[in-house]
Amino acid sequence: MPIMEAQKYVWEGAIPLQIHLHESEVTTFPPPPPALILAPRIGYLPLLIALIKPYFSSALPPGVDTLWFDYKGLPLKWYTPTGVLFDLLCAEPERPWNLTVHFRGYPANILIPCEGEDAVKWSFINSLKEAAYIINGNCKNIMNMSQSDQVELWCSVMNGNVEAYQRVSSKLKLGTVEDEYFVKPQQGTCETDTIGQVKTGRIPIRLYVCSVSEDFDDLEDVPKVDSWDKISFINRPVEIHKEEGKYLTLHDAIEALLPEYFSEKSLIESPSQEGEDKNNISPEDAGDSKAEEVVNVCNDLEASCTSNAEIKLIRIQGIEPKLKIPFSWVVNNLMNPDYFLHICLYVKVANLNTT
Amino acid sequence: MSQEEIAREAIKHALKALRRRHLVEEGAHGPALIALSTPIISQGSEWKEKAENLETELQQCYKAQSRLSEQLVVEVAESRASKASLKENESQIASLQEELTQSRDECSQLKADLEEKIKALELIVSENHQIRAQLEEMIAKAKNAEAENKMLIDRWMLQKMQDAERLNEANALYEHLIDQLKASGLEKLARQQVDGVVRRSEEGAEFFMDSIVPTSYKHKINAHEGGCASILFEYNSGKLISGGQDRSIKLWDTNSGTLSSTLYGCLGSVLDLSITHDNRSVIAASSSNNLYVWDVQSGRVRHTLTGHTDKVCAVDVSKVSSRHVVSAAYDRTIKVWDLQKGYCTNTIIFHSNCNSLAFSTDGQTIFSGHVDGNLRLWDIQTGKLLSEVAAHSLAAVTSISVSRSGNIVLTSGRDNMHNLFDIRSLEVCGTLRASGNRVASNWSRSCISPDENYVAAGSADGSMYVWSISKADIVSTLKEHTGSVLCCSWSGLGKPLASADKNGVVCIWA
């Protein structure tokens, strides 16, 4: 399959980070200057240790290194892709993103332990198996992957090599939905190609819902997230049915995932409600706080908000697509290498539920 | 708008948003960061390279420095060594110079000496020449003088010889006259003898007197009780000395047959007697292991010779010096005594007991007769055995007598034979025996007549036998004794002959 322009952008995406060594760990005078690095959006924070360590190794106190990051005091979960974290925690994108790195004092009560690159790799493979299960009903294709394929897959993800990734992932046969409408990059003409036998499939989705108590007009005014309790994490697939004459929009998909944030009307409209599955929360959260993202639709919001919830913002891969955008295009172009689509939502909720 | 258009519109919008995002995020920051890091990286790598180069240079410099310092050490050591050797050489030079100056001085000194010596030598040479010339003159003179001397001596000798001849002639005449006188004297003597009167007017007359063969006894004396073992005549006199079992020594006058004196002091029976040549001392061998020396005049014991550990059975005194006494005892020793010192000067030990002893006439040799039948000669000075002769085979020698001239030795043995030995050759020159003659005891003494013509010996049957040596036959048998005859003695005057027997009776035969 030729690599789409959008996929290229997604894979090449990187966030500029300005990483400060926490003051408690500075042992030299003057303190080391912050490190400026580009972190791939589809990558993970622990993989940056090779880039960060040389900056700070001379200033560290003696001891064993346990790497962890925090943003404005909030320790960052390491199994979440970097781009997702950025989109979630910085309502107003902060470029460069100022993070604080710690090499000591791992907060074991908040973060699960990370031993190094291998932990990240296994977490990625785990997500891949989850996605395969959701798509195919079993994860045989992942488990039967050869050692060299696995290594190549992971290396391609680490290095951001989309061609290598395509080679390996095409063997996995995890294709879900064809693009109903796609723009051919060379020609630039909008030609619809409605051939596509879309099978009835399930799309793996991870939703991150940041609930805010007050209304805000400007993104700058969003209060900062100081605890993971404020974020709901929803791991639900979306069922797709092909319907003639109609395509599934993003709006429909979100509605299907989070019906409570939409009114009765909108519930009836979206047909994808029927096959809604509420999946159990991923065990990664250890059953603590659910991340419920309330998507605040800025424009084209047809359904009126109920008194309780209002979706303020939907962010996928750092962009805020229109609600009318075909969901199939979103899935095929904006999904992460682990075959999951990570969506960040900002939701205004009058009463915050912390369960 | 159709759904399609709305969809496409939305997709385009999404793409635009992606592009914008790209520009803002990695598009903007990526190049900036790269630009920031490259110089640092490159600089860093540059500096690393520089540092490495500098390090290698430094290492090389260190190596070079160490090499140089090693060299330096070596050089310093060498320079020190050469300095030291230089000093040595300098000091050597100094010393050599000194030596040289010294030698020069010595040399000049020696030269001066040499010149002096040469001068002296020249002088001396010239003197020598002169002296030689003088010497030659003198030699010539001396020769002349010698020649004259010889001539004079010859003449003098001639004179002397003539004188001597004259003297000889005179002496010869004188001797002739003396001889004639002697002869006439002897004639006179011979005439006197016919008269029956012997006058001893000449010394040594006894040497010319014949020994008379006795025929009958003149006296019979009971001399000692218990037996008389030894009798002896004084030299050249008629006095008889006898020693007996009764521990006394009696002197008899044989002419009258009376007792002259008695010598006491002996503690045991007298086994043998001897008298010094000057007739002044009598020595007796006693069975009490001692010897006693009396002074005849005073009758007192002058010496008691102790040392033997058994009975002393033979004794003799030297005829030359009255000093040496030799005694033999049954302790298998022969002792030589010095009367002046008063003790034993030599002890000869021999395995066979000696029964009889006799001194030779020169007093240097002792004759001993032993129980094993041998006659032995000893040297008195060294005590060494000179020679031995088997005198009597398997029979003890009982008596040894030396003749007056000292040429013949008479030995008697238990084999009832009496042998005559020539002293010089130690060969038997005669053997005498008789059918009835039995030697009485181990110490029976026989004797030779003074003129060496006769031998007398006693027998166990109480008779005395007299043999003639020349005839080798008995010439007389004298029977008087009742007991066995133990000893006999012939007076130096030729007569009488005395004998003693076991009963202590002494018979004097004439």
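So, strand 14 of chain B, residues 354-359: six of its six residues are buried, so call it mostly covered. Buried here means under 20% relative accessible area, exposed is over 50%, and partly exposed is in between, with a 1.4 Å probe and protein chains only. Strands are DSSP runs of E with at least two residues, helices are runs of H or I with at least four, and both are numbered from the N terminus.

Quick housekeeping: this is a predicted model, where local features need pLDDT of at least 70 and side-chain atom pairs count only at pLDDT 80 or more, while totals for chains, interfaces and linings use all residues. Residues are numbered from 1 along each chain as its sequence is written, chains are lettered from A and ligands numbered from 1 in the order in which they are written, and side-chain values use heavy atoms, with hydrogens and water left out.

Back to strand 14 of chain B. Its antiparallel partner is strand 15 of chain B, residues 365-370, with five bridges joining the two; strands count as paired if DSSP finds at least two bridges between them.

In the model, residues 356-388 of chain B are 0% helix and 61% strand, with end C-alpha atoms 14 Å apart. For 449-477 of chain B, it's 0% helix and 55% strand, and the ends are 15 Å apart by C-alpha.

Also in chain B, there's an open four-strand sheet, order 6-7-8-9, with antiparallel pairing. Its edges are strand 6 (270-275) and strand 9 (301-305) of chain B, each pairing on one side only. The twist averages 20 degrees from one strand to the next; the angles come from lines fitted to C-alpha atoms, over the stretch in contact for helices, and run from 0 to 180 degrees between N-to-C directions. Inside that sheet, strand 7 (281-286) and strand 8 (291-295) of chain B run antiparallel with five bridges, and Ser281(B) has Asp295(B) as its bridge partner.

Most residues other than glycine have a negative phi, and most peptide bonds are trans. Arg247(B) has a positive phi, near 70 degrees, and it counts as partly exposed because its relative accessibility is 46%. Ala472(B) also has a positive phi, near 60 degrees, and sits in the loop between strand 24 (463-468) and strand 25 (473-479) of chain B. Then there's a cis peptide bond between Lys495(B) and Pro496(B), with omega about 0 degrees. Chain A has one from Arg95(A) to Pro96(A), omega near 5 degrees, and Pro96(A) is in the loop between helix 3 and strand 5 (97-102) of chain A.

Staying with chain A: ten helices, eleven strands, and 55% of its 355 residues buried. Helix 3 of chain A, residues 82-89, is mostly covered, with eight of its eight residues buried.

How do helix 4 and helix 6 of chain A cross? The axes of helix 4 (117-136) and helix 6 (147-159) of chain A come within 11 Å and cross at roughly 105 degrees. That makes them roughly perpendicular, given that 65 to 115 degrees is roughly perpendicular, under 35 roughly parallel, over 145 roughly antiparallel, and the rest oblique. The contact, meaning heavy atoms within 4.5 Å, includes Trp122(A) and Phe124(A) from helix 4 of chain A and Trp154(A) and Met158(A) from helix 6 of chain A. The contact residues split into nine nonpolar, one polar and two charged. Nonpolar covers Ala, Val, Leu, Ile, Met, Phe, Trp, Tyr, Cys and Pro, charged covers Asp, Glu, Lys and Arg, and the others, Gly among them, are polar.

Last one: strand 7 (205-212) and strand 11 (341-349) of chain A run parallel, joined by eight bridges, with Val209(A) opposite Leu345(A).
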